Amino acid sequence: MGPAFVPATGRPEPKRDRITKNEVETELQRFNEAVEAVAGNLSETGDRLRAAGSEEEAGIFEFHVEMAEDPELTSAVEERIGNLESPEAAVLAVGEEYAAEYAAMDDEYMAARADDVRDVTGQISAQLIGRGASAFEALQTPSVVLAHSLAPSDTARIKKGMALGFVTAEGSRTSHVSIMARSMGIPAVVGVGPALEEVMGAQTVAVDGGEGYAITDPDPETVAEFERMSGALAEERAALDEYKRIEASTGEGRRIEVAANLGSSSEAEDALEWGAEGVGLFRTEFLFMERDDLPSEDEQYEAYSAVARAFGEKPVIVRTLDVGGDKDLPGVDQAEEENPFLGWRGIRMSLDTPELFEPQLRAILRAAANGNLKVMFPMVADVGELEAAKARLQDCRRELESEGVKIGEVETGVMIETPAAAVCAAQLAEESAFFSIGTNDLVQYTLAADRGSERLRRLQNADHPAVLALIQRTCEAANAAGIPVGVCGEAAGEPEMIPKLVELGVTELSMAAPQIPRAKKVVSEL
Ligand code: PEP
Ligand code: MG
């Protein structure tokens with residue numbers, strides 16, 4: 001909660017549109033120098049973020065460097081300069097053309113790239129008219145930032161502690177503003193659409209990023225309520241501090257490992273701070289989704305190695321690509337499906353797409369030399385899929401050995417998130433070193449209730465006899481085979497579910513890192 005800050009619109013306004021024929025040579029040169037300066041700044045910011053361990057955010061800036069230097073873009077601008085347009089106007093016009101093309105694409109990820117190209121071309125234009133600095137330099141008191149959209153270069157320029165919250169008209173769960181906000185620990189409400197106009201005139205704004213709403217000029221009662229909520233949150237966190245360092249066991253002495261779910265390697269250090277005893281689920285798809293090309297085997301190796309190194313001997317479960325359902329993969333042709341959640345998802349897609357699967361398996365095997373990595377396959381529905389996936393892993397292992405590449409040992413496990421996998425848990429256990437129950441999907445498939453639907457909230461509940469029966473069956477199969485069984489769906493972090501899961505025989509719980517201390521407390525009190 002704090003004063004509203006509306007950044008002056010980021011668009012530079014060129015004072016002249018046209019140049020004379022005599023100026024073409026010098027203007028071309030000025031344009032090239034501006035591109036160089038902007039690319040230089042962007043790559044410096046990228047290096048700074050990388051040095052700070054924010055790999056994913058650094059990647060965004062590297063992508064912007066590529067965009068700034070894109071030969072197609074620069075030659076389109078040069079052509080306009082040749083036709084006597086001023087470079088500052090030409091680069092904005094070309095930026096708009098590109099942005100319109102991206103925005104028209106029927107793909108959330110590609111549409112979000114429209115903002116990137118506007119951001120980069122806007123910076124080149126600003127550089128040309130001698131206005132390199134952004135409106136965010138004016139942000140000198142801690143405030144809630146209200147903007148149509150926020151580009152990575154904007155958020156990166158905000159001084160530490162100056163942003164109390166973000167409210168943007170554009171943006172989605174996977175847009176860069178959300179990623180940056182999450183990694184900066186700033187509450188954000190994105191994608192509010194035209195409602196932003198109502199917020200714009202406000203003096204003070206209160207943002208609840210957890211529930212996803214913002215209140216303008218809150219009355220004294222609301223202010224008191226927000227103060228109470230944030231006080232309670234801080235108190236709750238402080239009281240749980242002592243649990244960060246403990247290894248949780250129940251009163252009967254049953255050890256329950258409490259681990260973190262990660263979406264990117266830059267979250268590893270924070271997760272350790274919160275007391276993670278390992279990574280129960282590393283969702284690798286985000287590495288693939290935040291860009292418009294596929295990460296190479298080497299890039300994946302670096303990302304997995306970074307987490308493996310950070311966690312040392314602690315186990316890190318890397319889940320192979322789980323796209324499909326509500327997660328699209330730019331760069332891969334996914335045909336339209338009537339029921340994407342019942343479609344080409346997870347291991348089904350990986351087994352059909354060796355050009356995606358094999359580099360990932362190779363990267364995991366190589367990174368395993370740097371720590372305690374395990375590999376886990378998502379959306380498995382029968383033993384045949386597990387056998388096929390393990391055979392691919394074995395092929396990759398042999399290939400790397402014959403190439404003389406250093407690799408590590410990796411155990412293989414299965415996500416139990418289809419009812420079929422839970423029913424067949426005993427057979428799957430014969431072929432697995434561990435299980436991890438994905439309650440998010442297990443609930444939606446068991447109760448036939450789309451996990452994203454607002455209206456079906458009543459059914460989005462792991463505490464249903466059918467789901468509990470499947471969890472029980474899975475635990476019995478795992479315990480009989482002597483393999484560990486974790487839960488990495490949202491239920492693992494819910495205080496009211498933890499006693500039930502432990503009772504059913506679960507041996508590990510994996511959750512969003514900030515939930516770890518509370519979960520350890522709940523386990524210790526059982
Ligand atoms: C799950 O389904 O419970 C799970 C952890 O995987 P995701 O949420 O990534 O589908
Ligand atoms: Mg799942």
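Trainee: What share of the chain's contacts with a separation of 6 or more comes from residues 24 or more positions apart?
Mentor: Such residues account for 64% of those contacts, a contact being heavy atoms within 4.5 Å. This is a predicted model, in which local features need pLDDT of at least 70 and side-chain atom pairs count only at pLDDT 80 or more, while totals for chains, interfaces and linings use all residues. Residues are numbered from 1 along each chain as its sequence is written, chains are lettered from A and ligands numbered from 1 in the order in which they are written, and side-chain values use heavy atoms, leaving out hydrogens and water.

Trainee: And how much of the chain is buried?
Mentor: Of its 526 residues, 50% count as buried, meaning under 20% relative accessible area with a 1.4 Å probe and protein chains only.

Trainee: Switching to ligand 1, which residues come nearest?
Mentor: R283, R319, G438, N440 and R451 do, out of 15 residues around ligand 1, where near means that a heavy atom of the residue lies within 4 Å.

Trainee: How far are the polar side-chain atoms of R319 and E417 from its oxygen atoms?
Mentor: For R319 the distance is 2.8 Å, and for E417 it is 3.0 Å. In the side chain of D441, an N or O atom is 2.9 Å from an oxygen atom of ligand 1.

Key
A polar contact is a pair of N or O atoms within 3.5 Å; within protein, one must be able to donate a hydrogen and the other to accept it, and residues adjacent in sequence count only if both atoms are side-chain atoms.
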